Amino acid sequence: MKTIKTFGKAFPFAVLLSATAFADAEAHVSFLDKEASQESTILATLQVPHGCDGKATTEVRVKLPEGFVFAKPQPKAGWELEVIKGDYQKTYDNHGDKVKTGAVEIRWKNGNLSDDFYDTFVIQGKVSGVEAGTSLAFPVTQMCGDAVTAWDQVAKDGGDPHGMKSPAPLLKVVAGDSHGHDHDMAGMDMAGMDMTGKTGMDMTGMGAAAPAGETVKAGDLEISGGFAKAMLPGQPVGGGFFTVKNSGQTDDRLLSVTSPVSGEVQIHAMETKDNVMRMRQLKDGVAIAAGETVKLEPGDLHLMFQKVKTPFKQGDTVPVTLIFEKAGKVDLVLQVLSAQSK
């Protein structure tokens with residue numbers, strides 16, 4: 001049998017052929033999990049296996065089909081995020097609220113995913129009002145600078161998409177279980193850009209920070225109302241919120257934040273213009289002007305916990321250290337609330 005050497009190891013040629021065949025079979029953009037139960041909230045994970053003819057991927061656009069509602073994209077470090085809103089064809093029930101509009105397209109922009117690597121792009125959403133056996137198509141546009149690849153072909157009448165050159169990722173809807181589970185995941189609530197976050201860490205006895213929810217003072221600064229939101233198991237991104245009041249006569253600035261429960265904590269801002277919601281990282285921090293109060297809250301400024309070690313659970317606490325330009329380091333404990341809390 002013919003063998004090929006690579007990095008000092010010999011591999012049977014047949015094994016390499018098998019691996020290549022598998023790679024070719026999954027060469028298009030597709031879902032990691034290709035099935036979803038009726039009336040369930042899921043993490044739809046798109047796999048982008050390569051760039052465009054060797055070029056790095058710089059933008060990924062995903063159009064959301066009718067029946068996949070209340071979408072909440074997972075932010076990615078190094079990428080800008082846009083959420084395009086529009087009208088649904090039907091009205092959907094969201095915990096008692098009748099919802100007619102929501103996210104209809106998600107865009108991760110200005111990134112740099114080399115053709116040598118693959119990555120995943122995650123959207124939480126609810127499969128609602130869809131018959132079992134239906135396949136929902138999610139047309140994807142993959143942009144690599146000036147090069148564009150559209151994964152948007154859909155077979156007619158449920159036909160086999162495997163012979164297509166650029167098939168759209170499909171999510172097959174299967175009959176829901178009798179328990180009717182429906183989770184509201186930590187990520188972003190697009191109705192109000194509700195960032196969630198939380199950790200399974202009990203900070204009792206640490207003593208460095210005030211108990212969760214209590215006010216902390218550092219010089220002229222007063223930090224209060226700290227909270228995070230519950231997350232689904234496996235969700236690596238969470239959010240945190242609090243209020244900073246500057247009672248002094250000197251401006252200060254929140255420079256950065258750290259936490260032992262996540263790999264990185266970023267400061268983000270949300271803004272909506274022309275029905276498009278954008279999120280950006282504030283690498284220079286947040287100014288706390290003299291005599292002013294700054295709120296980090298859902299839909300506006302917030303902390304973004306990246307690579308969360310343990311998904312946040314309601315009732316737990318999240319320790320953070322805030323680093324201010326003049327006030328220095330301040331330890332704070334965020335109380336984890338329900339995912340539905342405002």
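Two strands pair if DSSP finds at least two bridges between them. The views below come from a predicted model.

**View 1. Strands E4 and E14 run parallel.** Three bridges join E4 to strand E14, residues 170-174.

**View 2. E4, E14 and E11 form an open sheet of three strands.** The strand order is E4-E14-E11, and the pairing is mixed. Strand E4 (35-37) and strand E11 (135-137) stand at the edges. Each has a single partner strand, so one side of each lacks a neighbour in the sheet. From one strand to the next, the twist averages 35°. Strands of a sheet pair through backbone hydrogen bonds, either parallel or antiparallel.

**View 3. The largest nonpolar core holds 34 residues.** Val 62, Leu 64, Phe 68 and Trp 108 have the most contacts inside this core. Elements giving two or more residues include strand E6 (59-63), strand E7 (68-73), strand E9 (97-109) and strand E20 (276-281). E14 is also among them. Strand E5 (40-48) is another such element. E5 supplies the largest share, four residues.

**View 4. A second, separate core has 33 residues.** Among its members are Val 244, Ile 267, Phe 305 and Val 336.

**View 5. The whole chain has one helix and 25 strands.** Of its 342 residues, 46% count as buried. The chain exposes about 17,200 Å². Carbon and sulfur atoms supply 49% of that area. Among contacts with a separation of 6 or more, 71% come from residues 24 or more positions apart.

Terms used:
Residues numbered from 1 in each chain as written. Predicted model: local features only at pLDDT ≥ 70, side-chain atom pairs only at ≥ 80, totals over all residues. Heavy atoms only, no water. Buried < 20%, exposed > 50% of the residue type's maximum accessible area, 1.4 Å probe, protein only. Contact = heavy atoms within 4.5 Å. Areas by Shrake-Rupley, 256 points an atom, 1.4 Å probe, with all protein chains shown as cover. Axes fitted to C-alpha atoms, helices over the stretch in contact; angles between N-to-C directions. Core = buried A, V, L, I, M, F, W, Y, C linked by side-chain atoms within 4.5 Å.
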